[in-house]
Amino acid sequence: MNVLQNNQDAVNATLLVTVTPEDYNPAVEKAIKDYRRKANMPGFRPGTVPVSLIKKRFGDSFLAEEVNKLISEALYKHITDNKIDILGEPLPTVGYQAPELIEGNEFAFSFDIAIAPDVTVELSKKNKLNYYTIDVDKKMIDQQTASYRGRFGKYVKAEATEDKDVIKGDLLELDGEGNVKEGGIVVENAMISPTYMKNAAEQKKCAGKKIGESFNFNPSKAFDGNEVELSSLLKIEKEAAKEFKSDVKFTIKEITRFAQAEMDQEFFDNCFGKDAVKSVDEFEARIKADLQKQFVADSDIKFILDMRSLIIESLKDVKFPEDFLKRWLKEANKDMTDDKIESEFSKMLDDLKWQLFKDKTAKDAGVKIEKADIEAVAKKQAAAQFAQYGMLSVPDDILANYVKEMLENKDGRKAATERAFENKVMEILKEKVTMTDKTVSFEDFNKFFQN
């Protein structure tokens, strides 16, 4: 078996694979013998079917299968032995007529390959990139504090109503004269919350009322005719709720209010563990430090994007086997149309340049991804997800279980591995360039990602 490489240019080549009878005969004969041992054909016991009969019926199939195996092995061996960094997979050469497979003949097959170009970029301290740090200001600290106080808050009884209170009392339907309607709707222990009323005028009627006091309001106006809310409040069917237009009298029996947690030691302990924080100043300092840690990942993402732009611009004149890549994209994905390839190819090529550069950087530096690297990334990702819900200090056992579940998922493990790889590459690149620290507001930082 012979493989002859013919380079068209620096990034395109053809491989001519020649397979002789001496190459395929032993494999074909073995395949036939293996099949004969288990063949079940009418008139013959298993294992006694004549080889000639098997060859007559299935010889062409065995020949094609074994020749294809030999070709694949020859291509892989040639590419590996010659350390050819290819893009995509070998494709049959366009216009080359594949030979008819006849036993005893020599066969030659031609394949096109795309060779990855050199993506070396000589980075130095002359390359300057900003590293943006998000400023954790008083507003952000206050918002996070409010989130914590809300999480550890509790419901308390109140004496006078406010918008967000839950008011419980007795509800009586009124007639057109403002009197209690005989035979009208009566609901004991009805519950309303002014904040959910859509009509401001009706909402004001509830304001500042004390336990034992009464006020009149129109439920249909208050809830904008929403039959679901009216049905729930008045304890009637939805169809009847649609027709209900009367005012009602509401006599307050109880007012419940959600109160944020007080900034005391119990609250501090609930947030960060016993005696980890002992004052408001220490609490706010801890909030600030935790937010700063949380935003490091965002800063790194921005740095990665800026580095990517620098590398892609540096590789703008590097020649790629574009015709081959377009053909391979279409072969590899049957849903990929010519129009879609043309419209998205530029972005695909940029992604390829960036990936090749990262791979080369990692290879040159001998980067290896260990289990601990993947777990560390997964832990950061898990902590960031909890932080989105205001949970900046999650117990280690809960975090560990979350990480375990994440890495047991195939996609989750893949994403964590890719991020661990990119993190290591970024640390290498940070050492090569000049990074200028710049502190920006959260609002200005988000503008970087707005189209």
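**Entry 1: helix H8**

Which residue follows H8, and is its phi positive or negative? I found glycine 273 there, with a positive phi near 100°. A reminder to myself: this is a predicted model.

Next I looked at H8 itself, residues 265–272, and noted its buried residues: Phe267, Phe268, Cys271 and Phe272. Looking down the axis of H8, I see them fall within an arc of 105°, so they line one face of the helix. The general rule is handy here: an α-helix has 3.6 residues a turn, so residues three or four places apart point the same way. As for partners, the buried residues of H8 pack against helix H3 (138–151) and helix H9 (280–314).

**Entry 2: helix H6**

I went on to H6, residues 227–234, where Leu230, Ser231, Leu233 and Leu234 are the buried residues. Their arc around the axis is only 170°, which puts them on the same side of H6. I then asked what covers them.

Just after H6 comes lysine 235, and its phi is positive, about 60°.

**Entry 3: glutamate 173**

Is glutamate 173 buried or exposed? Its relative accessible area is 6%, so I put it down as buried, the cut-off being under 20%.

What does the side chain of glutamate 173 reach at 2.9 Å? I traced it to the backbone nitrogen of isoleucine 185. The side chain of glutamate 173 also makes a polar contact with the side chain of serine 246, at 3.0 Å. Setting aside neighbours within four places in sequence, I listed its contacts, among them Asn179, Lys181, Phe244 and Asp247.

**Entry 4: threonine 14**

I turned to strand S2 (residues 12–19), where threonine 14 sits. With a relative accessible area of 16%, threonine 14 is buried as well. Its side chain is joined to that of glutamine 8 by a polar contact of 3.4 Å. Beyond neighbours within four places in sequence, threonine 14 is in contact with residues including Leu4, Asn6, Thr93, Ser110 and Phe111.

**Entry 5: H11 against H14**

How do the axes of H11 and H14 cross? I noted that helix H11 (residues 338–365) and helix H14 (residues 410–432) have axes that come within 10 Å and cross at roughly 75°. They are therefore roughly perpendicular to each other. Where they meet, H11 brings residues including Trp354, Phe357, Lys358 and Ala362, and H14 brings residues including Phe421, Glu422, Met426 and Leu429. Sorted by class, this contact has nine nonpolar, two polar and three charged residues.

While in H11 I also checked glutamate 344, which lies in that helix. Its relative accessibility is 32%, so I count glutamate 344 as partly exposed. Last, I took a C-alpha to C-alpha distance: glutamate 344 and phenylalanine 58 are 45 Å apart in space and 286 residues apart in sequence.

Technical notes
Residues are numbered from 1 along each chain as its sequence is written. This is a predicted model: local features need pLDDT of at least 70, side-chain atom pairs count only at pLDDT 80 or more; totals for chains, interfaces and linings use all residues. Side-chain values use heavy atoms; hydrogens and water are left out. Axes are lines fitted to C-alpha atoms, for helices over the stretch in contact, and angles run from 0 to 180 degrees between N-to-C directions. Helices (H or I, at least four residues) and strands (E, at least two) are DSSP runs, numbered from the N terminus. Angles under 35 degrees count as roughly parallel, over 145 as roughly antiparallel, 65 to 115 as roughly perpendicular and the rest as oblique. Contact means heavy atoms within 4.5 Å. Ala, Val, Leu, Ile, Met, Phe, Trp, Tyr, Cys and Pro count as nonpolar, Asp, Glu, Lys and Arg as charged, and the others, Gly among them, as polar. Buried means under 20% relative accessible area, exposed over 50%, partly exposed in between (1.4 Å probe, protein chains only). The arc is that of the directions from the helix axis to the C-beta atoms. A polar contact is a pair of N or O atoms within 3.5 Å; within protein, one must be able to donate a hydrogen and the other to accept it, and residues adjacent in sequence count only if both atoms are side-chain atoms.
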